[in-house]
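Good morning, and thank you for making time for this item. I shall talk through the helix packing in the structure now coming up on the screen.

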Amino acid sequence: DAYYCFQGLIIRIITLMPDSELHLRVGRFVMLFKTIYPEVNAALEDEEVEVNEWAVSWLRFLLCRELQVDNSLRLWDSYFAADAENPEDGLLLHPYVCLAILEHLQGTIIELSERSEMLATLHHLPLMDMDQIITQAQSIRDEVLARNLL
């Protein structure tokens, strides 16, 4: 079942967000990340961790490489549920989910003192309460729209 869920999401992402637009999506994400979480960005920059080392995978593969399976399935379920109402809403929330995860991890990332530890944390995300992450993502999206950041 998980395979078919992932396949359905990949088909949607290819249709709604083709690879030819990936650089634009990453650029928007980086701008939001640096604006909303400057302390996390500064911590990563201090250890010379480039955003492209982790953000491209997060955005292109819907965090399936980084999240634990239970978290991935819950996240995909929320994308499919949103898609039932408005096909673009589910996947358009994804960058904000990524930002919500960074908010959840910001204390951990700032405390880490090694580049390798930071990358390991960003590439192998801990088990999280995805309902809380999704709710926070919706709040971040609403804030971004209210502040006209995009």
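Let me begin with a definition: the axes I quote are lines fitted to C-alpha atoms, for helices over the stretch in contact, and angles run from 0 to 180 degrees between N-to-C directions. Helices (H or I, at least four residues) are DSSP runs, numbered from the N terminus, and strands would be E runs of at least two. This is a predicted model, in which local features need pLDDT of at least 70 and side-chain atom pairs count only at pLDDT 80 or more, while totals for chains, interfaces and linings use all residues. Residues are numbered from 1 along each chain as its sequence is written, and side-chain values use heavy atoms, with hydrogens and water left out.

I start with H3 and H7. Their axes come within 9 Å and cross at roughly 35°. H3 passes H7 in a left-handed crossing; left-handed means that the near helix is turned anticlockwise from the far one by less than a right angle, and right-handed that it is turned clockwise. On the H3 side, the contact (heavy atoms within 4.5 Å) is made by Glu 39, Val 40, Ala 43 and Leu 44, and on the H7 side by Gln 106, Ile 109 and Ile 110. By class, that gives 5 nonpolar, 1 polar and 1 charged residues. Here Ala, Val, Leu, Ile, Met, Phe, Trp, Tyr, Cys and Pro count as nonpolar, Asp, Glu, Lys and Arg as charged, and the others, Gly among them, as polar.

How is H3 placed against H2? Helix H2, residues 22-36, packs against H3 at an angle of about 105°, with the axes 5 Å apart. The two are therefore roughly perpendicular to each other; the ranges are under 35 degrees for roughly parallel, over 145 for roughly antiparallel, 65 to 115 for roughly perpendicular, and oblique for the rest. Phe 33, Lys 34, Thr 35 and Ile 36 of H2 meet Pro 38, Val 40, Asn 41, Leu 44 and Glu 45 of H3. These residues divide into 5 nonpolar, 2 polar and 2 charged.

Which residues of H3 are buried? They are Val 40, Asn 41, Ala 43 and Leu 44, where buried means under 20% relative accessible area, exposed over 50%, and partly exposed in between, with a 1.4 Å probe and protein chains only. Seen down the axis of H3, they fall within an arc of 160°, so they line one face of the helix; the arc is that of the directions from the helix axis to the C-beta atoms. Their cover includes H2, H7 and H8.

Turning to H8, residues 115-123, its buried residues are Met 118, Leu 119, Thr 121 and Leu 122. These too lie within an arc of 160° as seen down the axis of H8, so they line one face of the helix. They pack against H3, H4 and H7. The axes of H7 and H8 come within 11 Å and cross at roughly 155°, and the pair is therefore roughly antiparallel. Their crossing is right-handed. Leu 102, Leu 105, Thr 108 and Ile 109 in H7 meet Met 118, Thr 121 and Leu 122 in H8, a contact with 5 nonpolar, 2 polar and no charged residues.

Finally, two loop residues. Glu 48, in the loop between H3 and H4, has a positive phi of about 60° although it is not a glycine. At 60% relative accessibility, Glu 48 counts as exposed. Leu 63, in the loop between H4 and H5, has a phi near 65°, again positive in a residue other than glycine. Leu 63, however, counts as buried, at 0% relative accessibility.
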